[in-house]
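User: I'd like to go through the ligand sites in this one. Can you take me through the contacts?

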Amino acid sequence: MAYDFNEIVSGFKVDGKLLSCERYGEGLINETYLAIIEQDGNPVNFILQKINNKLFKNVDKLMNNIRLVTEFNRKKIIERGGNPDRESLTLIYAKDGKPYIENKDGFFRMYVFITDAFAPEKIEKPEDFYFSGLAFGNFAKLLSEFDATQLYEVLPNFHNTKIRYENLVKAIDADIVGRKKDVQAEIDFYLSRKDYCSKIVDLLESGKMPTKVTHNDTKLNNIMLDNETGKPICVIDLDTIMPGSICYDFGDSIRYGCNTGTEDEPDLSKVNFDIELFETYAKGYIEALGDGVTEIEKQHLPFGAMLMTFECGMRFLTDYLEGDTYFRTKRPNHNLDRTRTQMKMVSDMEKVMDKMNAIVNKY
Ligand code: ADP
Ligand code: GN1
Ligand code: MG
């Protein structure tokens, strides 16, 4: 889809001529573009995003959350002598003062481009994953100081696995694009593990596990690491900051990062759960949290990893059955390939859950 990028960029408080604007990154939800703008004779990078307003129904409230969190982070980073333009997402405001613009094509936001850094799609060096654990752990700590009552709950029940399960059952029953017949093994896999779905939801609902403000989408490419040192610079993709459990945040990082293949690898022989990487991340995450983790949370971190993988697979399968309308897909069976990698990862984790628990208990 081509938009009038000149007109869009001119709505923001940014000077200079737009040199180019190309699709960028591997996010599955928003449309991300790299906008290059000439400033003082030099090309300067910016991130421009078309916000997925099919999913985010109230863009104004979503963007108010992001404004609050990024301003809070920037202040904290300045206090500790850091560089807020690199260590926090930084919004470019619109000329009318809002954190986004709206035009005939939808809603757009702009961010300062985080320079000399990369959002990893895969773990190349185990150290990168240790640093990711540290970064998300530190981010969780930072959020614990933030007044959560100001936040709007953007996507209620985002990690409510019971509801995700019900949604899968509805998609199976409706079978609107006639794909059910091709995925009976996948359907059986999920339906036979229904009891996983209530475990953490029930602990949160009963108050036995604390509800905290969490990131909720802690996959590897939602963090930026320094090109030179590999050290974590900044946590990005703040759309889903909401009440949740740290077991979800820990779990989603493990789901994505401990896969020896990619999330959409069609060849399942390449998809294995790497327990050494699990240990690497757990070490960083638990170290960063320090005393900010309760015993019941700690006990459920390994289960949370399996549950997030289970949940994500259910979501991919649901989307496949509903005709690929939620996640960005690039090929016909893309969501089905993703479903299968998540199933393989769950099966692997089931086999080593005792070892995973023992590892977490070490830290
Ligand atoms: P989505 O919600 O679709 O996942 P993200 O906000 O995660 O969108 O952005 C998609 C990708 O764009 C990221 O994985 C990262 O590679 C890149 N990106 C996003 N924001 C920035 C930024 N401020 N600086 C540099 N790269 C960014
Ligand atoms: C989406 O936005 P992105 O690509 O970082 C999704 C996550 C899934 C992930 C699977 C808002 O994350 O919940 O785990 O895809 N985000 C939303 O790759 O639904
Ligand atoms: Mg993302």
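**Ligand contacts**

Analyst: A polar side-chain atom of Asn222 sits 3.0 Å from an oxygen atom of ligand 2. A polar contact here is a pair of N or O atoms within 3.5 Å. This is a predicted model: local features need pLDDT of at least 70, side-chain atom pairs count only at pLDDT 80 or more, and totals for chains, interfaces and linings use all residues. Residues are numbered from 1 along each chain as written, ligands are numbered from 1 in written order, and side-chain values use heavy atoms, without hydrogens and water.

User: How far is the Glu263 side chain from an oxygen atom of ligand 2?

Analyst: A polar atom of that side chain lies 2.7 Å away. For Lys219, a side-chain N or O atom is 2.6 Å from a ligand 2 oxygen.

User: Which helix gives the most to the shell around ligand 2?

Analyst: Helix H11, residues 301-321, with 3 residues. Helices are DSSP runs (H or I, at least four residues).

User: Switching to ligand 1. Which residues come nearest?

Analyst: Asn30, Gln49, Ile114, Asn221 and Asp237, out of 18 around ligand 1. Near means a heavy atom within 4 Å.

User: What backbone contacts does ligand 1 have with Asn221 and Val112?

Analyst: A polar backbone atom of Asn221 is 2.7 Å from a ligand 1 oxygen. A polar backbone atom of Val112 is 3.0 Å from a ligand 1 nitrogen.

User: Why does ligand 1 lie between domain 1 and domain 2?

Analyst: Because both domain 1 (5-114) and domain 2 (126-362) give residues to its shell. The bounds come from an automatic or database domain assignment.

Technical notes
Polar contact = N/O pair within 3.5 Å; in protein donor to acceptor, adjacent residues only side chain to side chain. Helix = DSSP H or I, 4+ residues; strand = E, 2+ residues; numbered from the N terminus.
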